[in-house]
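Subject: Structure handover and notes

Dear colleague,

The structure we discussed is below. Please look it over alongside the notes that come after it.

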Amino acid sequence: MSRPPIRGLRWWIAALLVLSTTLNYLDRQALSALAQTVQRALELSNEDYARITSSFLLSYGVMYLLGGTLVDLLGVRRSLALFVLAWSLATAGHGLAASLAHLCVARFLLGVAQPGNFPAGVRAVSEWFPMRERAMAVGLFNAGTALGSTLAMPVVSALALRWGWRAAFVGVGALGLPWLAAWLWLYRAPSEHPRLAPEELARIRDGAPAAPSASRIPWRWLLRAPETWGCVAVRVLTDPISYFLAFWTPKYFQAERGFDLKQVGTFAWLPFLGMALGSTAGGALPRWLTARGWSVNRARKTTMALVAIAMPALCLAVTRVRGAPAALAVMFAIMFGHGAYGNITLPAEAFPSRVVGTVSGLGGALGAAVGVLTQLHIGVAVDRWSYRPLFAVCGSAYAVGLLVVMLTIPRLGHPREPPAPTPPRTR
């Protein structure tokens with residue numbers, strides 16, 4: 001007898017995607033949580049730390065582009081399993097580092113494996129969710145970035161205080177193996193899944209093209225489409241902020257607010273919780289609005305506009321408030337807004353599923369390339385001046401990104417279809 005369908009299977013898939021992204025950022029943020037400890041152990045400066053983070057972003061950017069294409073070629077199931085296994089091993093490898101060069105190599109390998117999680121996740125959402133639910137599903141999936149960062153602070157700090165920083169890297173890397181087993185057991189494409197109920201499949205396909213083409217992506221068309229460059233430009237503007245917040249927030253509280261490793265583990269996770277809640281809210285608000293008659297386009301752009309209005313004041317306030325509790329509260333609000341902005345959601349709302357991975361990969365690659373340049377300058381700026389000008393630049397990026405979206409993607413929620421392949425000529 002065949003096994004019965006799993007009720008709400010698409011949300012179980014979403015839960016696995018949340019966990020993969022949580023692991024992605026837990027592994028990534030292990031170094032951020034241990035930055036001061038590792039710097040002291042290996043006698044590294046802030047500029048050395050910037051070189052380490054840039055090593056990650058250098059490979060991350062290249063593989064974000066290639067990873068998106070790989071997702072479109074191999075499919076979500078195989079590609080994401082490969083990525084998670086590779087980054088788990090790379091994270092454990094950090095525990096073997098004995099010098100700046102060793103850490104740069106370990107970080108470079110982590111950057112090779114981790115970016116594929118995001119085009120794979122966005123494509124999985126575009127396959128498993130109808131258009132009206134995609135912002136919510138991507139918001140949940142993307143909330144894993146902040147959830148992983150939130151967990152990293154107490155988990156990694158506790159492991160390091162108990163067994164040392166090297167064992168902390170190994171322990172965090174090992175967490176990917178149980179997830180890998182669950183993923184290979186549960187995930188299939190909707191049309192191939194034996195446990196998907198027919199009525200849920202019909203709901204997933206609601207509003208989707210009846211018969212998507214399996215033809216190769218017309219790159220010339222893709223690069224000429226304004227929607228492509230709208231998605232890319234928003235990533236270029238806001239991805240460097242993601243890396244700044246992820247890699248430098250714990251160091252900010254240690255250097256500017258006097259936190260030690262124990263206090264990082266106790267308090268520095270709170271802003272990352274704000275990002276997790278913001279990512280969820282950034283998907284829930286458009287879903288709530290569309291349920292009340294708003295279009296996807298109006299609901300999403302309104303959400304982005306609210307963030308763009310609030311961020312300049314928040315980024316100005318974080319370096320001016322007195323006391324660590326007030327700084328934590330403002331940083332919580334900054335990360336909430338950053339998560340709610342939903343830059344990673346745009347390709348799933350502007351393109352059909354078969355090109356989402358490629359567009360996401362292109363945006364992530366160029367965003368990481370800019371991230372490399374900004375990371376190198378952040379280390380210099382912190383040593384020579386302060387964090388204040390860095391936050392000021394961050395606050396202005398969201399309004400510029402929204403303007404770009406308004407100009408290049410006039411109708412979010414109406415995927416732009418590539419042209420049908422031209423049939424061969426017959427004599």
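Predicted model: local features only at pLDDT ≥ 70, side-chain atom pairs only at ≥ 80, totals over all residues.

Residues are numbered from 1 along each chain as its sequence is written, and side-chain values use heavy atoms, with hydrogens and water left out.

Helix packing

Helices (H or I, at least four residues) are DSSP runs, numbered from the N terminus. Axes are lines fitted to C-alpha atoms over the stretch in contact, and angles run from 0 to 180 degrees between N-to-C directions. Contact means heavy atoms within 4.5 Å.

Helix H4 (residues 76-93) packs on helix H5 (residues 100-113) at an angle of about 165°, and the two axes are 8 Å apart. H4 and H5 are therefore roughly antiparallel (an angle over 145 degrees). Their crossing is left-handed (the near helix is turned anticlockwise from the far one by less than a right angle; clockwise is right-handed). On the H4 side the contact is made by Phe83, Ala86, Trp87, Ala90, Thr91 and Gly93, and on the H5 side by Ala106, Leu109, Leu110 and Ala113. By class, the contact of H4 with H5 has eight nonpolar, two polar and no charged residues. Here Ala, Val, Leu, Ile, Met, Phe, Trp, Tyr, Cys and Pro count as nonpolar, Asp, Glu, Lys and Arg as charged, and the others, Gly among them, as polar.

H5 also packs on H3: the axes of H3 and H5 come within 7 Å and cross at roughly 25°. That makes H3 roughly parallel to H5 (an angle under 35 degrees), and the crossing is right-handed. H3 contributes residues including Asp48, Arg51, Phe56 and Tyr60 to this contact, and H5 residues including Leu103, Arg107, Phe108 and Leu110. The contact of H3 with H5 divides into eleven nonpolar, three polar and three charged residues.

Cavities

On a 1 Å grid over the protein atoms alone, a cavity is a set of points where a 1.4 Å probe fits but cannot get out, and lining residues have an atom within 4 Å of a point. Grid points are joined across faces, edges and corners, and a volume is the space filled by probe spheres set on the points. The whole structure has five cavities of 30 Å³ or more.

The largest cavity has a volume of about 250 Å³. It is lined by 21 residues, and the closest to its centre are Tyr25, Asn142, Ser242, His338 and Asn343. H12 gives the most to this lining, with five residues. The lining of the largest cavity has eleven nonpolar, eight polar and two charged residues.

The second largest cavity has a volume of about 60 Å³. H7 gives the most to its lining, with four residues. Among the lining residues are Arg132, Arg134, Arg287, Arg300 and Glu349, and by class the lining of the second largest cavity has four nonpolar, one polar and five charged residues.

Pocket

A pocket is an open set of points with protein on both sides within 12 Å along at least five of seven lines. The second largest pocket has a volume of about 280 Å³. Of its 14 lining residues, Pro240, Ile241, Thr374, Val393 and Cys394 are the closest to its centre. The elements that give two or more residues to this lining are helix H12 (226-255), helix H18 (353-384) and helix H19 (388-408). The lining of the second largest pocket has eleven nonpolar, three polar and no charged residues.

Regards

Terms used: Parallel < 35°, antiparallel > 145°, perpendicular 65-115°, else oblique.
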